[in-house]
Amino acid sequence: MLQIEIDSGSGFCFGVTTAIKKAEEKLADGNTLYCLGDIVHNGMEVERLHANGLVTINHEELDRLHDVKVLLRAHGEPPETYALAEKNHIDIIDATCPVVLQLQRRIKKQFDANPQAQIVIFGKNGHAEVLGLVGQTCGKAIVVENVEDVARLDYSRDIYLYSQTTKSLDGFHRVIDYIQAHIAPTATFRSFDTICRQVANRMPNIGSFASRHDIIVFVCGRKSSNGKVLFNECRRVNPNSHLIEKPEEIDMTWFDGLASVGICGATSTPKWLMEQCRDYILDRMGR
């Protein structure tokens, strides 16, 4: 009989849980609630909330709205979004993750103190959280995704390095090592470890989980940056790992001759979806 285990450490992080709870509370009032961007990088959870009345909009649509309620998701937003909301008399429901909010304030404080320095953010270009961070510097922060990007910095000028909260610690330390090896003696370099530990700690935990099973079914939205990082760790530890977005993508031939299945996911993966995947497998095996 095939044994199936759902990883107890997978599922929504604190920031996502809080944002969804706020959305559900406002939707319970029966009024229209808009959300700026997908509330979470998981299509199935977004569909569930849409069915309950949540309307996802983009920044262009926000510009045309007046006198409505708009939820800002956990990723955070740049100052321009708040200014636009005030101009259009929009009631903001701010669900920015406290960890992200603190990081935004730190970057703004550093930028205000030394606008001529290079503020560098280790993160994904275009990611919602990163856009909010860059916004704290009037768009002047430099985003680096890898060591190749880091090589283009001006090492004769001061560098203050921060990280997107969901990036890997290993990658961040590689960036630090490169800058330390190239910074000019006359320039200042300071790095600030701003990676969320609730997210960072999932790397070793999910690696341990993946090592205990014959096959891993990793459930996550394909837009999730955190999901890509965690899935790659699963696959590194256990090459027999498969990424899916919904139960219907499961191929039952994957389990032929195997004894155990591990189901896990990203910080944006709801528990109920991992449970659906477990039930999908059990139903097709005749329980």
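How many salt bridges does a search of the whole structure find? The search finds twelve, a salt bridge being a side-chain nitrogen of Lys or Arg within 4 Å of a carboxyl oxygen of Asp or Glu.

The model is predicted, so local features need pLDDT of at least 70 and side-chain atom pairs count only at pLDDT 80 or more, while totals for chains, interfaces and linings use all residues. Residues are numbered from 1 along each chain as its sequence is written, and side-chain values use heavy atoms, with hydrogens and water left out.

**First selection: D38 and K223**

Select D38 and K223, whose side chains form a salt bridge with an N to O distance of 3.0 Å. D38 is in the loop between strand 2 (33-36) and helix 2 (43-51), and K223 is in the loop between strand 10 (215-219) and helix 11 (225-237), so the pair ties together parts that are 185 residues apart in sequence. Helices (H or I, at least four residues) and strands (E, at least two) are DSSP runs, numbered from the N terminus. K223 is exposed, at 54% relative accessible area. The classes are buried (under 20% relative accessible area), exposed (over 50%) and partly exposed (in between), with a 1.4 Å probe and protein chains only.

Move to E45 and R48, which form a salt bridge with their closest N and O atoms 2.8 Å apart. Both belong to helix 2, where a spacing of three residues separates them by about one helical turn. E45 is buried at 1% relative accessible area, whereas R48 is partly exposed at 28%.

**Next: R278 and D279**

A further salt bridge joins the side chains of R278 and D279, at 3.1 Å from N to O. R278 is partly exposed, with 28% relative accessibility, and D279 is also partly exposed, with 25%.

**Next: T267**

Select T267, in the loop between strand 12 (260-265) and helix 12 (271-284). Is T267 buried or exposed? At 7% relative accessibility, T267 is buried. Beyond its neighbours within four places in sequence, T267 has contacts (heavy atoms within 4.5 Å) with residues including F12, V199, R202 and N226.

Finish at F209 in helix 10 (residues 202-211). F209 is buried, with a relative accessible area of 1%. Leaving out residues up to four places away in sequence, F209 touches E5, I6, D7, I216, G262, I263 and C264.
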